Amino acid sequence: MGEEEEEVVLSTVERFSSPGKGRGLRAARGSFSRGDLLLVAQPFSATLADDERGRFCDHCFARKDKLSHCGKCKQAYYCNAQCQRADWPSHRLDCDGLRQLGPQWTPGERVRLVARILIKLKMNKDKCASEGLLTLEEMESHMEELDNEQREAIGQEITALHHYYSRQLEIPGNEEMVEIFSKVKCNGFTVEDEELNHIGAALYPSLALLNHSCDHNCVVTFRGSAAQVRALREIKQGEELFISYIDLLYPTEDRNERLREMYFFTCHCCHCQSQHLDDKKLAIRELSEPPSPESVREVIKYSKFMVGEFRTAKRSKTGTELLEMCERCLERQASVLSESNVYLLHMAYQAMGVCLFVEQWERALDYGLQVIKQYCKLYPRLSLNVASLWLKIGQLQTNLDHTSAATKSFSKALAIMEVTHGKDHPYIEELRTAVKSRAGKI
Ligand SMILES: [Zn+2]
Ligand SMILES: [Zn+2]
Ligand SMILES: [Zn+2]
């Protein structure tokens, strides 16, 4: 197993056959309390996002100020010689390309992850430490359920894989590659930091056993490149462990559309059955003269259209143009939708992001406070989305010298993160130190 880290599977968790859901994971012996760590999964393979190089170690994803770069390409960064050595079999695939092309070496994150999976499969013929509960081979691919568009997208990724890696890698035949890409597509994880910024992609075979519920009882967070599963509430012996695969802000219909598209199933959890909070998430403004059903339908249609428009615009437009776009959209939405309506919230959240980008702190804070008020009502109490927004708000309040408000916001984030990340997580220690040093300055 070399320098690979052991997967920690607590003996209290076991694989079982979940009625109507295929395989699942459940509490085997005894019960769990809120915040308990149930499982630590090491990645089968992982890859750091292109634009995070230098901030995180390319191998273990530790966030550090002083990292040393690879002597050859000077593009990959490591904690120490040990991390560099452990990463070499994977990094070798990119090192030459990075040395010659620098940032122009862009195979794409999923393609790079798949290249790393292929090299690992070639090197380790035996089961890996990350396959403690489920092997890569056993993972679902849902290949037969791919529609033409999805197949085509995978086809393009296979072409990219050949283009970037055919000299360093023996690439299996097309059907086998479609299967591997499909597995990564529906089982891969985005590794995120405490503000939910995307820092990389990874595959954890054992975690593929965790089924989805919008009323989930567990959460996955990351410590470096290791994934940790923690209980969000009391879980009794025999009870299945669930995480959420999707953003829970959205109403039942939207959530299930997303689940079908990405994961090929419909959720029947109690929140989906009761359409929990859908009335608030889709609420219309209460006016003496209520808007006509037609104008409501039109604004919703427009809002959904703007989600995609904004995503595309982010690549080409300036901060000022983007902000104008958000404000025009928000104005139209506000005439019909209530302040808890998720389409309006989505745009207000985007507006906050643009204000952050153009460093308009006051405006960003206004949007942030508008959104968090509703987030606290619409998301579950221990939501990572809520914690990450409190962190952003705390940071803004700090920039604006609203010191005591900032301390309050950070404490709200901490209260959630102590459960979701564990009290000894480096992110929490960093945050506590920062809060203390600021408090000393008052
Ligand atoms: Zn490292
Ligand atoms: Zn290198
Ligand atoms: Zn559900």
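Biologist: When helix H8 passes helix H10, is the crossing left-handed or right-handed?

Modeller: In this predicted model, H8 passes H10 in a left-handed crossing. The axes of H8, which spans residues 293-316, and of H10, which spans residues 342-357, come within 10 Å and cross at roughly 30°. Because angles under 35 degrees count as roughly parallel, H8 is roughly parallel to H10.

Biologist: Which residues make the contact between H8 and H10?

Modeller: On H8 the contact is made by Ile300, Ser303, Met306, Val307 and Phe310, and on H10 by Tyr343, His346, Met347 and Gln350. Sorted by class, this contact of H8 with H10 holds six nonpolar and three polar residues, with no charged residues.

Biologist: How should I read the pair H12 and H13, and at what angle do their axes cross?

Modeller: The axes of H12 (residues 384-399) and H13 (residues 403-420) come within 8 Å of each other and cross at roughly 155°. Since angles over 145 degrees count as roughly antiparallel, H12 and H13 are roughly antiparallel to each other. The crossing in which H12 passes H13 is left-handed. Among the residues that make the contact are Trp390, Leu391 and Ile393 of H12, together with Phe410, Ile416 and Met417 of H13. By class, the contact of H12 with H13 has twelve nonpolar residues, five polar residues and one charged residue.

Biologist: Turning to the strands, how does a sheet hold its strands together, and in what order do the strands of the open sheet come?

Modeller: In general, the strands of a sheet pair through backbone hydrogen bonds, and the pairing can be either parallel or antiparallel. Here three strands form an open sheet in the order S5-S9-S8, and the pairing is antiparallel. Strand S5 (45-48) and strand S8 (189-192) stand at the edges with a single partner strand each, so one side of each has no neighbour in the sheet. On average, neighbouring strands of this sheet are turned by 25° against each other, if direction is ignored.

Biologist: How many bridges join S5 to S9, and which residue stands opposite threonine 47?

Modeller: Four bridges join S5 to strand S9 (residues 198-203), and these two strands run antiparallel. Threonine 47 has alanine 201 of S9 opposite it.

Biologist: Which helix lies across S5 and S9?

Modeller: Helix H2, made of residues 109-123, lies across S5 and S9, and H2 runs at about 145° to S5.

Biologist: Finally, which residues does the UniProt domain annotation cover, and how should I read that span in the model?

Modeller: An unreviewed UniProt entry carries the annotation "domain: MYND-type" for residues 57-95. In the model, the end C-alpha atoms of residues 57-95 lie 15 Å apart, and the span is 38% helix and 10% strand.

Definitions and conventions:
Residues numbered from 1 in each chain as written. Chains lettered and ligands numbered in written order. Predicted model: local features only at pLDDT ≥ 70, side-chain atom pairs only at ≥ 80, totals over all residues. Pairing = 2+ DSSP bridges. Axes fitted to C-alpha atoms, helices over the stretch in contact; angles between N-to-C directions. Contact = placed C-beta atoms within 7 Å. Parallel < 35°, antiparallel > 145°, perpendicular 65-115°, else oblique. Left-handed = near helix turned anticlockwise from the far one by under 90°. Nonpolar A, V, L, I, M, F, W, Y, C, P; charged D, E, K, R; others polar. UniProt positions renumbered as here; feature names shortened; annotations may be inferred.
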